[in-house]
Amino acid sequence: MFATLSDKLDLVFKKLRGQGVMTEDNVKDALREVRLALLEADVNFKVVKDFIEKVRTRAIGTEVLQSLAPGQQVIKIVHDELVLLMGGSEDNSLDLAAKPPVAIMLVGLQGAGKTTSCGKLAKYLKAQRKKPLLVPADVYRPAAIEQLKVLGRQLDIEVFGSEATQKPLDICRDAHRYATLNGFDVVIFDTAGRHQIDDYLMEELEGIRDELAPREILFVADAMTGQEAVNVAQGFNDRLGITGVILTKLDGDAKGGAALSIKAVTGKPVKFVGLGEKLDALDVFHADRLVSRILGMGDVLTLIEKAQATFDEKEAERLQQKMKKSGQFDLEDFRNQLQQIKKMGSLESIMNLIPGMGKAMKQMQGAQPSEKELKRIEAIIDSMTPKERANHTIINGSRRLRIAKGSGTSVQEVNQLLKRFTEAQKVVKQLQKMGPKGLMKGMKGMGKGMLPF
């Protein structure tokens, strides 16, 4: 989503880094370009104006002009102010400090992704050892109730039984009573949306709010709608007093202005961001991490968290023991590792979390591995016999032809995979001998485009 903004800010920062001495004119020129980049990214005009003024005030002060690396210092100021703009280090966690069951309302316009976000939030809470109940209270949109029931079955989370003929307030009241009697920790209400804000919708939501006194009223905003999402959020906040925001479709190709503006305009924190259609594609929002990604600095903490969430301890132990015993890393091992990586998300999203890797991938001019290539590699390995995966040196010409036909690829592609795997095996052996420091050195080398696959 922030690719264009990232590229433009990167150009500005390259010029700053080339300045031996920073003058007030240099700062003004740089901030003019930053301002244009933010406006083109659809960030709210008033937000941009205030942001640039804060950066300018700090940047022309002694902390920059007397700095040994003034260009880097200005970049740091832009980074810090962007973090503050999006919420800083304030606590944006869910407020569940109440007698259970704690009520959470999700509100927003139709099509923003409320129902899917309800499922994602329930999955998140279940992972936190909570017992959530999903409540379909949207009686206007066709199949909305059934959609939530389907999500509940997929997640193995109970969905309260409701009918489209019932009134939303009655559904919510009955569901809360049911949750109280049956030991649920959290009740998540999927409320009705409209194509635009109207009084009837707001009065209905106000009635549910007044009856249930929810601990959280989360506005679900479609980040693809840009500034309109910010304006709608303000409207909902004025009428309902929202407590936070869930930004959906942050993996899209919109300009990203809503994500940068919504906290400053509404005064309410962004609590979660949706990064895809999958039900585990909901991340806790961290302003500093998102800013680091926008500025091309990567996001190692999120990468570690994703790895921990998908980590297969038994597989890791098996591979470790095998490497100790035989020192061999075969195609079966590689396929297993590939499948674990796929659980973490798209390859592009993972690479963008590694500092410097996002830029390195762009510079490789199409040589970087794609999702299709990874699927092709997996298909080729799946077409091999267990003996071939354990010892790829036995794969002769006839075997290569059979593997190519079985995987829907060419013999040339099979040859290419085997050649690269042989090279990768050598790298693994070298890194094993060199220990942890060698691993880090090898990772830096890969950042220069030396990826074996």
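Over which residues does pLDDT stay under 50? The stretch is residues 442-453, for which the model has 22 contacts beyond four places in sequence. Here pLDDT is the predictor's confidence in each residue, from 0 to 100, and contact means heavy atoms within 4.5 Å. Where pLDDT is low, the predicted coordinates should not be read in detail.

This is a predicted model, in which local features need pLDDT of at least 70, side-chain atom pairs count only at pLDDT 80 or more, and totals for chains, interfaces and linings use all residues. Residues are numbered from 1 along each chain as its sequence is written, and side-chain values use heavy atoms, with hydrogens and water left out.

**Confidence**

Mean pLDDT for the protein is 77. A value of 70 or more is reached by 74% of its residues. Among the elements, strand β3 (residues 186-190) has the highest mean, 93. Helix α17 (residues 357-363) has the lowest, 51. Elements are DSSP runs numbered from the N terminus: helices are H or I with at least four residues, strands E with at least two.

**Helix pairs**

Axes are lines fitted to C-alpha atoms, for helices over the stretch in contact, and angles run from 0 to 180 degrees between N-to-C directions.

| Pair | Axes | Angle |
|---|---|---|
| α6 and α7 | within 10 Å | roughly 25 degrees |
| α8 and α9 | 9 Å apart | about 25 degrees |
| α10 and α11 | within 8 Å | roughly 25 degrees |

Take α6 and α7 (residues 144-155), whose axes cross at roughly 25 degrees. That angle makes α6 roughly parallel to α7. Angles under 35 degrees count as roughly parallel, over 145 as roughly antiparallel, 65 to 115 as roughly perpendicular and the rest as oblique. The crossing of α6 and α7 is right-handed. A crossing is right-handed if the near helix is turned clockwise from the far one by less than a right angle, and left-handed if anticlockwise. From α6, the contact uses Thr 115, Thr 116, Cys 118, Gly 119, Lys 123 and Lys 126. Ala 144, Gln 147, Leu 148, Leu 151 and Leu 155 face them from α7. By class there are 5 nonpolar, 4 polar and 2 charged residues. Ala, Val, Leu, Ile, Met, Phe, Trp, Tyr, Cys and Pro count as nonpolar, Asp, Glu, Lys and Arg as charged, and the others, Gly among them, as polar.

Helix α8 (residues 168-181) packs with α9 (residues 199-212) at about 25 degrees. The two are therefore roughly parallel. Their crossing is right-handed. On α8 the contact residues are Pro 168, Leu 169, Cys 172, Arg 173 and His 176. On α9 they are Glu 204, Gly 207, Ile 208, Glu 211 and Leu 212. The contact divides into 5 nonpolar, 2 polar and 3 charged residues.

Helix α10 (residues 227-240) and α11 (residues 257-266) cross at roughly 25 degrees. So α10 is roughly parallel to α11. This crossing is right-handed. Gln 227, Ala 229, Val 230, Ala 233, Gln 234 and Asn 237 of α10 meet Gly 257, Ala 258, Ser 261, Ile 262, Val 265 and Thr 266 of α11. The contact has 6 nonpolar and 6 polar residues, with no charged ones.

**Backbone details**

Most residues other than glycine have a negative phi, and most peptide bonds are trans. A cis peptide bond joins Pro 100 and Pro 101, with omega about 5 degrees. Pro 101 lies in the loop between α5 (70-85) and β1 (102-107). Arg 129 has a positive phi, near 65 degrees. Arg 129 sits in the loop between α6 (114-127) and β2 (132-136).

**Annotated segment**

UniProt, in an unreviewed entry, lists residues 269-282 for "domain: SRP54-type proteins GTP-binding". Its positions are given in the numbering used here, feature names are shortened, and annotations may be inferred rather than shown by experiment. Over residues 269-282 the chain is 0% helix and 43% strand. The end C-alpha atoms are 16 Å apart.
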